[in-house]
Amino acid sequence: MSHSSICRCQQRSLNEGETPRALEQLRERLERFIRKFFNFHDRDGSGHIDLGEYSLLATTLGIPKNSNFMSFNAMDADGDGSISYDEFLTTLLAYVENYDQ
């Protein structure tokens, strides 16, 4: 998932005159995109992203290598040493919703 993809989705959601259904459809599309991105980086198919898998994901997102551990821990809300899809989705949606704030 590229930063520009997220920004385009966010920009589209901020357009005036959008109906609640259009915004719901946009969120659904974004969630499907995030699911595909998550599954791509979940190399072992465990349903979780471990720190090793996260290194590639972080590079894709443009997160500096020296921030990997800190950003991994920020996404790992339950502290179990891996990032579930729900944790990943929650983090990315919060990022998109707060991007310009």
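**Contacts and overall make-up**

I began with the contacts that join residues at least 6 apart in sequence, and in the protein chain 47% of these join residues at least 24 apart. I note here that I am working from a predicted model. I then went through the secondary structure, where I found 5 helices and 2 strands in the protein chain, arranged along the sequence in the pattern α-α-β-α-α-β-α.

**Helix H2**

I looked next at H2, which takes in residues 20-41 and has 22 residues. From its first C-alpha to its last I read a reach of 32 Å, close to the 32 Å expected at 1.5 Å a residue. Which residues of H2 are buried? I listed Ala22, Leu26, Leu30, Ile34, Phe37, Phe38 and His41, and because they cover an arc of only 150° around the axis, I place them on the same side of H2. I kept in mind that an α-helix has 3.6 residues a turn, so residues three or four places apart point the same way. On the other side of H2 I found Arg29 and Lys36 exposed.

**Helices H3 and H4**

I turned to the pair formed by H3, residues 51-61, and H4, whose axes come within 10 Å and cross at roughly 110°.

I gave Asn68 an entry of its own, as a residue of helix H4, which covers residues 68-75. Is Asn68 buried or exposed? I have Asn68 as buried, because its relative accessible area is 10% and the cut-off for buried is under 20%. Leaving aside residues up to four places away in sequence, I found that Asn68 touches Tyr54, Ser55, Ala58 and Ile63.

**Helix H5**

I finished with H5, residues 85-97, whose 13 residues should span 18 Å at 1.5 Å a residue; the end C-alpha atoms are 18 Å apart, and so I recorded agreement. As the buried residues of H5 I listed Tyr85, Glu87, Phe88, Leu89, Leu92, Leu93 and Val96.

Methods: Residues are numbered from 1 along each chain as its sequence is written. This is a predicted model: local features need pLDDT of at least 70, side-chain atom pairs count only at pLDDT 80 or more; totals for chains, interfaces and linings use all residues. Side-chain values use heavy atoms; hydrogens and water are left out. Helices (H or I, at least four residues) and strands (E, at least two) are DSSP runs, numbered from the N terminus. The expected span of a helix is 1.5 Å times one less than its number of residues. Buried means under 20% relative accessible area, exposed over 50%, partly exposed in between (1.4 Å probe, protein chains only). The arc is that of the directions from the helix axis to the C-beta atoms. Contact means heavy atoms within 4.5 Å. Axes are lines fitted to C-alpha atoms, for helices over the stretch in contact, and angles run from 0 to 180 degrees between N-to-C directions.
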